[in-house]
Amino acid sequence: MSKRGGFPGGMGGFGGMNLNNLMKEAKKMQADMEKTQAELANKEFEATAGGGAITVKVSGEKTIKEINIKPEVVDPDDVEMLEDLILTCINEALRKVDNEQSAQLGKYNIPGLM
């Protein structure tokens, strides 16, 4: 005779997994993610453009920390080129942050996180 209703395993669909163990695992994963996020926030990422003429450093929180421009690239008659180099460099540094975040936080495999 079969039971009516319910789920196999007796724990409401958890397949017999102890709910306390599940909660412990979730808390551990949360602590690990917070640690990873803090480590990423403290990291610096660097990018260059124009053959090293422009260098940008950003934090893992996407805050621009430093912009270095070599004097020889500054041409008052071609400000547009300098602006383009700076934009390119900043965007590359921010892409590096995004890639590192995806690599580090992607290991937690939580749908909708990234």
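Thr55, a residue of strand E2, is in contact (heavy atoms within 4.5 Å) with Glu46, Ala47, Thr48, Glu66, Ile67, Asn68 and Cys89, leaving aside its neighbours within four places in sequence. Its relative accessible area is 16%. Thr55 therefore counts as buried, a term that means under 20% relative accessible area, whereas exposed means over 50% and partly exposed lies in between (1.4 Å probe, protein chains only). The model is predicted: local features need pLDDT of at least 70, side-chain atom pairs count only at pLDDT 80 or more, and totals for chains, interfaces and linings use all residues. Residues are numbered from 1 along each chain as its sequence is written, and side-chain values use heavy atoms, with hydrogens and water left out.

The chain has two helices and three strands. Helices (H or I, at least four residues) and strands (E, at least two) are DSSP runs, numbered from the N terminus. The order of the elements from the N terminus on is α-β-β-β-α.

The three strands form an open sheet in the order E1-E2-E3, and their pairing is antiparallel. Strand E1 (44-49) and strand E3 (64-69) stand at the edges; each has a single partner strand, so one side of each lacks a neighbour in the sheet. From one strand to the next, the twist averages 15°, where axes are lines fitted to C-alpha atoms, for helices over the stretch in contact, and angles run from 0 to 180 degrees between N-to-C directions. Two strands count as paired if DSSP finds at least two bridges between them. E1 and strand E2 (residues 54-59) are joined in the antiparallel sense by six bridges. Ala47 has Val56 of E2 as its bridge partner.

Helix H2 has 27 residues and, at 1.5 Å a residue, should span 39 Å; its end C-alpha atoms are 39 Å apart, which agrees. The expected span is 1.5 Å times one less than the number of residues. The buried residues of H2 include Leu82, Ile90, Val97 and Leu105. H1, E1, E2 and E3 are the elements against which the buried residues of H2 pack. Thr88, also found in H2 (residues 79-105), has 47% relative accessibility and counts as partly exposed. Between the C-alpha atoms of Thr88 and Ile54, which are 34 residues apart along the chain, the separation is 9.5 Å.

A nonpolar core is a set of buried Ala, Val, Leu, Ile, Met, Phe, Trp, Tyr and Cys residues joined through side-chain atoms within 4.5 Å. The largest such core has 14 residues, of which Ile54, Val56, Val58, Val73, Leu85, Cys89 and Ala93 touch the most other members. E1, E2 and H2 each supply at least two residues of this core, and the largest share, six residues, comes from H2. Leu85 touches Ala49, Gly50, Ile54 and Val73, not counting residues up to four places away in sequence. In soluble globular proteins, nonpolar side chains tend to be buried together.

Thr36 belongs to helix H1 (residues 19-42) and is buried, with a relative accessible area of 7%. Residues up to four places away in sequence aside, Thr36 touches Gln104, Leu105, Lys107 and Tyr108.

Buried residues account for 22% of the 114 residues in the chain. Among contacts between residues at least 6 apart in sequence, 45% join residues at least 24 apart.
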